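Here's a quick briefing to read with the coordinates open. Have a look at the fold first, then come back for the notes.

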Amino acid sequence: MSAPLPRAFFDRLPEEVAPDLLGCVLERSSPEGTVAVRLTEVEAYAGPLDPASHAFRGRTDRNAVMFGPPGHAYVYFTYGMHYCVNLVCLGEGTAAAVLIRAGEIIEGRELAMVRRPRSSVRDLARGPARLCEALAIDRALYGADVCDPESPLRVLPGTSSAEVRTGPRTGVTSAKDVPWRFWIDGDPSVSAYRLHTARRRPTPETRR
């Protein structure tokens, strides 16, 4: 088993950590078995300095782990149905993080397909919610130390000779033009770019 990435890897600006995560491996161990993905798409968020970050308005019970030491998992529930996982960067009090958006399953594909039985191989971990479902990442892993060899969620070093592309973040309403989405060019597991559109509240006319 490879040793996880050292904590110093994450103790940097999120926009520096994010592209360096591409090609690394996110490994999840559970009583059911191990599933691992080679990371192919990530997004950086700069905490209180970033209007698109969950930490922009300060510390809450939900985002508290983001204000702690680097190298820990920030897992959150969204849209009432999905989990997403971020990796905390920089030192305590800064709340910077990198969202894990997509990856290629390189170990435990059979188990991932049991968890996502209607998915194609390409789509098993294509998108942040699908990735968490395939790896069984949920609130129980909130705060997991991905630098600890004994942790159920670890980030292992990897290599990638492919070209890294960068562009606007997807699915955010604020600071949406910041080019902090990074992905491996041409990889089929990279999720489709989606420009966020605000949900409109129904009016009396549309309710008819």
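Predicted model: local features only at pLDDT ≥ 70, side-chain atom pairs only at ≥ 80, totals over all residues.

Residues are numbered from 1 along each chain as its sequence is written, and side-chain values use heavy atoms, with hydrogens and water left out. Helices (H or I, at least four residues) and strands (E, at least two) are DSSP runs, numbered from the N terminus.

**Strand β1 and its partners**
- Five of the six residues in β1 are buried, so this strand is mostly covered (buried means under 20% relative accessible area, exposed over 50%, partly exposed in between, with a 1.4 Å probe and protein chains only).
- β1 pairs with β2 in the antiparallel sense over six bridges (two strands pair if DSSP finds at least two bridges between them).
- The link from β1 to β2 is a hairpin through two residues, and V25 sits opposite R38 in β2.
- β1 also runs antiparallel to β6 (residues 153-156), joined by four bridges, with E27 opposite R154 in β6.

**Helix α4**
- α4 (residues 128-135) is mostly covered, with six of its eight residues buried.
- Those buried residues are P128, A129, L131, C132, A134 and L135.
- Their cover includes β1 (25-30), β2 (33-45), β4 (82-89), β5 (96-107) and α3 (109-115).

**Nonpolar cores**
- The largest nonpolar core has 42 residues, and F10, L21, L26 and I137 touch the most other members (a core is a set of buried Ala, Val, Leu, Ile, Met, Phe, Trp, Tyr and Cys residues joined through side-chain atoms within 4.5 Å).
- β2 gives the most to this core, with five residues.
- Leaving aside residues up to four places away in sequence, L21 touches L5, F9, F10, L39, V42, L87, V98, I100 and V155 (contact means heavy atoms within 4.5 Å).
- There's a second, separate core of 14 residues, and among them are Y45, A52, V65 and Y76.

**Loop residue R57**
- R57 lies in the loop between β2 and β3 (73-78).
- Why does R57 count as exposed? Because its relative accessibility is 81%.
- The C-alpha atoms of R57 and G47 are 8.9 Å apart, with the two residues ten apart along the chain.
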